[in-house]
Amino acid sequence: MPVNTTAYLQITNELSSTKTTLVAVSKTKPNEDLISLYELGQRDFGENYVQELVDKAASLPKDIRWHFIGHLQSNKVKYIAPFVHLIHGVDSLKLLQEINKQAIKNNRVIDCLLQIHIAEEETKFGLDESELGQIIIQIDQLPNVRICGLMGMASFSEDEHKVRNEFNYLNSLFTQHKSWFLAHTGKEPILSMGMSGDYALAIKEGSTLVRIGSLLFGARNYA
């Protein structure tokens, strides 16, 4: 399926009035699909798989901002540490410690979002409120990691009330810690929530960054 440039232009127009950042989720998609959106001005792309991200970053334009949005294993941080723009799904202090270690090796500070568990599904990863508080207390020990905000994935459900409540809960946590994020980073904090099926609802509930894949690229390609 070709890239849906009409949908891309509609979505970017929609987001422009809300100051919401679009991350085009390009996992499993060929480089030419990404270039189609790049030529329309898209610079933020999200990948779920480390090797695919490394391969694409090596062969695509250097001004692309690469977002890692999958579940990141500690032993793979080193492969993306030299160039990743933002790591979305940080769900443990152990992972943050490894990101900090690899950031030091690469002489850079790596921006991260803490993933909060907001969905009812057990398959979703994320921190609870207590774990979030513990990380915030200890983050000064990790000078090469910058916590820029929160990220969450709502339940895969057609129950709009349920999804809205999950987004609302995440936004309440974000609001509670927003001044800390601002002081910690010196820039506007990020609340990453909303994907192809629920991004409009996420924006209404306060999202500042949405991760959209299938609306732009069609269904994923699996070998």
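**Chatting through loops, cysteines and a helix pair**

Biologist: Let's start with Asn144: buried or exposed?

Modeller: Asn144 is buried, because its relative accessible area is 16% and anything under 20% counts as buried. Keep in mind that this is a predicted model.

Biologist: Thanks! Where does Asn144 sit?

Modeller: Asn144 is in the loop that runs between helix 6 and strand 6, the latter being residues 145-151.

Biologist: And which residues does Asn144 touch, not counting those up to four places away in sequence?

Modeller: With those left out, Asn144 touches Asn100, Ala103, Ile104, Arg108, Val109 and Ile110.

Biologist: You mentioned Arg108 and Ile110. What about Val84, which residues is that in contact with, leaving aside neighbours within four places in sequence?

Modeller: Val84 is in contact with Trp66, Phe68, Arg108 and Ile110. Val84 belongs to the loop between helix 4 (77-80) and strand 4 (86-90).

Biologist: Is Val84 buried or exposed?

Modeller: Buried, because the relative accessible area of Val84 is 0%.

Biologist: How far is the C-alpha of Val84 from that of His67?

Modeller: Those two C-alpha atoms are separated by 6.4 Å, while the residues are 17 apart along the chain.

Biologist: Switching to backbone angles. What is the phi of Asn107?

Modeller: Asn107 has a positive phi, about 55°, although it is not a glycine. You'll find Asn107 in the loop between helix 5 (93-105) and strand 5 (110-115).

Biologist: And is Asn107 buried or exposed?

Modeller: Asn107 counts as exposed, because its relative accessible area is 72% and the cut-off for exposed is over 50%.

Biologist: How about the phi of Thr28?

Modeller: Thr28, which is not a glycine either, has a positive phi of about 70°. Thr28 lies in the loop between strand 1 (21-25) and helix 2 (31-38). At 18% relative accessibility, Thr28 counts as buried.

Biologist: Now cysteines. How many disulfides does a search of the whole structure find?

Modeller: The search finds 0 disulfides. Cys112 is in none, and the nearest cysteine sulfur, that of Cys148, is 7.4 Å away.

Biologist: Left-handed or right-handed crossing?

Modeller: The crossing of helix 6 and helix 7 is right-handed.

Biologist: Which residues make the contact?

Modeller: From helix 6, Glu129, Leu132 and Ile136; from helix 7, Tyr169, Leu173, His177 and Trp180. By type, the residues of this contact are 5 nonpolar, 1 polar and 1 charged.

Biologist: Last one: where is Gly194 found?

Modeller: Gly194 is in the loop between strand 7 (190-192) and helix 8 (199-204). Gly194 is buried, with a relative accessible area of 2%. Leaving aside neighbours within four places in sequence, Gly194 is in contact with Phe167, Tyr199, Ala202, Val210 and Arg211.

Biologist: And how far is the C-alpha of Gly194 from that of Lys204?

Modeller: The two C-alpha atoms are separated by 10 Å, with the residues 10 apart along the chain.

Definitions and conventions: Residues are numbered from 1 along each chain as its sequence is written. This is a predicted model: local features need pLDDT of at least 70, side-chain atom pairs count only at pLDDT 80 or more; totals for chains, interfaces and linings use all residues. Side-chain values use heavy atoms; hydrogens and water are left out. A disulfide is a pair of cysteine sulfur atoms within 2.5 Å. A crossing is left-handed if the near helix is turned anticlockwise from the far one by less than a right angle, and right-handed if clockwise. Helices (H or I, at least four residues) and strands (E, at least two) are DSSP runs, numbered from the N terminus. Contact means heavy atoms within 4.5 Å. Ala, Val, Leu, Ile, Met, Phe, Trp, Tyr, Cys and Pro count as nonpolar, Asp, Glu, Lys and Arg as charged, and the others, Gly among them, as polar. Buried means under 20% relative accessible area, exposed over 50%, partly exposed in between (1.4 Å probe, protein chains only).
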